[in-house]
Amino acid sequence: MAIYGDGKHNENIEHIAKKDFAFYVDKKVTVWVRETHNIQAESYEAARKEMIEAFHDNLCSETFSEQEHLYDTEDIMEPGDNGGEATIELISDTEPGTITSNTDMCFGCDWVARNNDSAYSDEEECRKCGLRRTI
């Protein structure tokens, strides 16, 4: 409970003084996409053969009709699957660039680097526990 100025209680003053700040977590993911392809043929066997040929000859654009993302197959990529680059980043509209990312922490000891430093040394091992990062 806070008392201000004239001694009257104002329980909303702390709330009024605070601002709302938005942060975003961007995640690089892999996800399967299902494409529908249509072939006109005399039989399923003939259509199957033609579709296999189109698939192997990279001609699927000629048979493509629609696609859907299979969101239940979504997986977050690890930095090792992304050439050692971050796959999860914390960003904000208030400052440029990435605030921190999953390359700024060691997954062996959960140590998090601060001040735009990396959890890993140039030799790609954790600065705290020594765990080697595989890229």
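Q: Where in the chain is confidence lowest, and where is it highest?
A: Confidence is lowest in strand 1 (residues 3–4), with a mean of 55, and highest in strand 4 (residues 29–37), with 96. The score is pLDDT, the predictor's confidence in each residue, from 0 to 100. This is a predicted model in which local features need a pLDDT of at least 70 and side-chain atom pairs count only at pLDDT 80 or more, while totals for chains, interfaces and linings use all residues. Residues are numbered from 1 along each chain as its sequence is written, and side-chain values use heavy atoms, with hydrogens and water left out.

Q: How does the chain score on average?
A: The average pLDDT is 79, and 66% of the residues score at least 70.

Q: How many helices and strands does the chain have?
A: There are two helices and seven strands. Helices (H or I, at least four residues) and strands (E, at least two) are DSSP runs, numbered from the N terminus. Starting at that end, the elements run β-β-α-β-β-α-β-β-β.

Q: What share of the chain is made up of buried residues?
A: Of the 135 residues, 19% are buried. Buried means under 20% relative accessible area, exposed means over 50%, and partly exposed is in between (1.4 Å probe, protein chains only).

Q: Which residues of helix 2 are buried?
A: Ala47, Met51 and Ala54 are buried in helix 2. Seen down the helix axis, the buried residues fall within an arc of 60 degrees, so they line one face. That arc is the one of the directions from the helix axis to the C-beta atoms. Here is some background: an α-helix has 3.6 residues a turn, so residues three or four places apart point the same way. On the other side of helix 2, Glu45, Lys49 and His56 are exposed. Strand 4 is included in what covers the buried residues of helix 2.

Q: How do you know that the span of helix 2 agrees with what its 13 residues should give?
A: The expected span is 1.5 Å times one less than the number of residues. For helix 2 (residues 44–56) that gives 18 Å, and its end C-alpha atoms are 18 Å apart, so the two agree.

Q: Why is asparagine 58 counted as exposed?
A: Its relative accessibility is 68%, which puts asparagine 58 in the exposed class. Asparagine 58 sits in the loop between helix 2 and strand 5.

Q: What makes the phi of asparagine 58 worth a look?
A: Asparagine 58 has a positive phi of about 55 degrees although it is not a glycine. Most residues other than glycine have a negative phi.

Q: Why is phenylalanine 64 called partly exposed?
A: Phenylalanine 64 has a relative accessible area of 38%, so it belongs to the partly exposed class. This residue lies in strand 5. Not counting residues up to four places away in sequence, phenylalanine 64 touches Glu35, Thr36 and His37, where contact means heavy atoms within 4.5 Å.

Q: Why does glutamine 67 get the label partly exposed?
A: The relative accessible area of glutamine 67 is 44%, which makes it partly exposed. Glutamine 67 is also in strand 5 (residues 64–76). With residues up to four places away left out, glutamine 67 touches Val33, Arg34 and Glu35. Its C-alpha atom is separated by 9.0 Å from that of histidine 37, 30 residues apart along the chain.

Q: In what order do the three strands of the open sheet come?
A: The order is 3-6-7, with antiparallel pairing. Strand 3 (23–27) and strand 7 (98–101) are the edge strands, since each pairs on one side only. The twist averages 25 degrees from one strand to the next; axes are lines fitted to C-alpha atoms, for helices over the stretch in contact, and angles run from 0 to 180 degrees between N-to-C directions.

Q: How do you know that strand 6 pairs with strand 7, and how many bridges join them?
A: Two strands pair if DSSP finds at least two bridges between them. Three bridges join strand 6 (residues 88–92) to strand 7. Glutamate 89 stands opposite serine 101, and leucine 90 opposite threonine 100. The two strands form a hairpin with five residues between them, and glycine 97 in the turn has a positive phi of about 80 degrees.

Q: Which residues is isoleucine 91 in contact with?
A: Leaving aside neighbours within four places in sequence, the contacts of isoleucine 91 are Phe23, Tyr24, Asp26, Gly97, Thr98 and Ile99. Isoleucine 91 is in strand 6. Isoleucine 91 and phenylalanine 23 are 68 residues apart in sequence and 5.9 Å apart in space, C-alpha to C-alpha.
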